[in-house]
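Colleague: I would like to go through this model and ask what stands behind the words used for it. Please show it first.

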Amino acid sequence: MIQIGLQYLSKIVSDEVIDDFVSTIEYSGLSLSVEREEKVPIQNTIEWLAPTALIVYLAKPYFESFLSEMGKDHYNLLKKALKKVAKQLLGPSGPKMHIVNSNGAIKTTGDFSLTFSIIVGVSESLNLKLLFPTELREEGVHEIIEAYSNFIDSLYTGDLKEELIQKLSAGRVLGRTMLVTYNQKSKEIEPVDPITRKRS
């Protein structure tokens with residue numbers, strides 16, 4: 001059973017970036033899947049639900065079986081790899097992706113990046129897709145990855161704050177996916193509604 005999965009678009013994310021990520025997190029006993037896509041898929045979905053150029057998928061078995069045996073050592077390796085790839089793909093110097101409508105018009109992506117996202121498998125019926133801001137400077141990467149990591153850790157240890165549980169419970173789920181992001185002003189994780197394009 002897959003514990004960590006990578007899916008990437010080679011026209012945007014280089015094989016070297018993926019190889020470096022994999023070499024950082026490879027570990028005995030870790031079930032890792034890497035899928036390389038060469039063509040940009042045609043999508044008929046809400047933009048923030050569409051696959052980003054790189055998706056890192058953290059499956060439930062990673063937390064429930066692998067980490068329970070390895071402890072937090074591998075989680076620290078994973079955070080290191082996530083921070084490095086986020087710095088490479090996000091912000092002013094990172095590659096840019098745009099949405100092209102059926103009539104050929106280019107549309108801006110708005111608040112969130114289409115280049116990189118993290119999907120966390122919570123259950124068979126729910127995935128959390130962690131969105132990154134479109135305009136993210138390098139100094140913000142560390143803060144967001146740490147916040148996401150702490151959030152995921154609290155999620156699986158049952159230590160989420162009641163206020164956050166209530167926010168997540170009220171979040172919109174589409175196709176088994178709930179979108180969440182980190183609010184750099186409030187320093188909190190919060191759901192994002194892909195239809196109203198508003199944060200909770």
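Colleague: Which residues does Phe116 touch, not counting residues up to four places away in sequence?

Modeller: This is a predicted model, so that applies to every value here. Phe116 touches Thr52, Leu54, Val56, Leu82, Val85, Ala86, Leu89, Leu90 and Phe132. Within the largest nonpolar core, which has 49 residues, Phe116 and Ile118 touch the most other members. Another core, of five residues, lies apart from it; Trp48, Phe112, Leu179 and Val192 are among them.

Colleague: Why is Gln3 called buried?

Modeller: Its relative accessible area is 9%. Buried means under 20%, so Gln3 qualifies. Gln3 sits in the segment before β1.

Colleague: What does Gln3 touch, not counting residues up to four places away in sequence?

Modeller: The residues in contact with Gln3 are Gly29, Leu30, Ser31, Tyr57, Leu58, Ala59, Pro61, Tyr62, Ser65 and Phe66. As for Ser33, it is 30 residues apart from Gln3 along the chain, and the two C-alpha atoms are separated by 8.1 Å.

Colleague: How much of the protein chain is buried?

Modeller: Buried residues are 45% of its 200 residues. The chain has five helices and ten strands. Of the contacts with a separation of 6 or more, 65% are between residues 24 or more positions apart.

Colleague: Why are α1 and α3 called roughly antiparallel?

Modeller: Helix α1, residues 15-25, packs with α3 at an angle of about 165°. Angles over 145 degrees count as roughly antiparallel, and α1 and α3 therefore get that name. Their axes are 8 Å apart, and α1 passes α3 in a right-handed crossing.

Colleague: Which residues make the contact between α1 and α3?

Modeller: From α1 there are Val17, Asp20, Phe21, Thr24 and Ile25. The α3 side includes His74, Leu77, Leu78, Lys80 and Ala81, and also Leu82, Lys84, Val85 and Gln88. By type, this contact of α1 with α3 has eight nonpolar, three polar and three charged residues.

Colleague: What angle do α2 and α3 make where they pack?

Modeller: Helix α2 (residues 60-70) and helix α3 (residues 73-89) pack at about 115°, with their axes 7 Å apart. Tyr62, Phe63, Phe66, Leu67 and Met70 of α2 meet Asp73, His74, Tyr75 and Leu78 of α3. The residues of this contact of α2 with α3 are seven nonpolar, one polar and one charged.

Colleague: Which residues of α2 are buried, and what covers them?

Modeller: Pro61, Tyr62, Phe63, Phe66 and Leu67 are the buried ones in α2. Their cover includes β1 (4-9), β3 (54-58), α3, β6 (112-123) and α4 (138-157).

Colleague: What makes Arg176 and Lys187 worth a remark?

Modeller: Arg176 has a positive phi of about 70°, although it is not a glycine. Its place is in the loop between α5 (162-169) and β8 (177-183). Lys187 is not a glycine either, and its phi is positive, about 60°. Lys187 is in the loop between β8 and β9 (188-193).

Colleague: Which residue follows α2, and what is its phi?

Modeller: Gly71 follows α2, with a positive phi near 75°.

Definitions and conventions. Residues are numbered from 1 along each chain as its sequence is written. This is a predicted model: local features need pLDDT of at least 70, side-chain atom pairs count only at pLDDT 80 or more; totals for chains, interfaces and linings use all residues. Side-chain values use heavy atoms; hydrogens and water are left out. A nonpolar core is a set of buried Ala, Val, Leu, Ile, Met, Phe, Trp, Tyr and Cys residues joined through side-chain atoms within 4.5 Å. Buried means under 20% relative accessible area, exposed over 50%, partly exposed in between (1.4 Å probe, protein chains only). Contact means heavy atoms within 4.5 Å. Axes are lines fitted to C-alpha atoms, for helices over the stretch in contact, and angles run from 0 to 180 degrees between N-to-C directions. Helices (H or I, at least four residues) and strands (E, at least two) are DSSP runs, numbered from the N terminus. Ala, Val, Leu, Ile, Met, Phe, Trp, Tyr, Cys and Pro count as nonpolar, Asp, Glu, Lys and Arg as charged, and the others, Gly among them, as polar. Angles under 35 degrees count as roughly parallel, over 145 as roughly antiparallel, 65 to 115 as roughly perpendicular and the rest as oblique. A crossing is left-handed if the near helix is turned anticlockwise from the far one by less than a right angle, and right-handed if clockwise.
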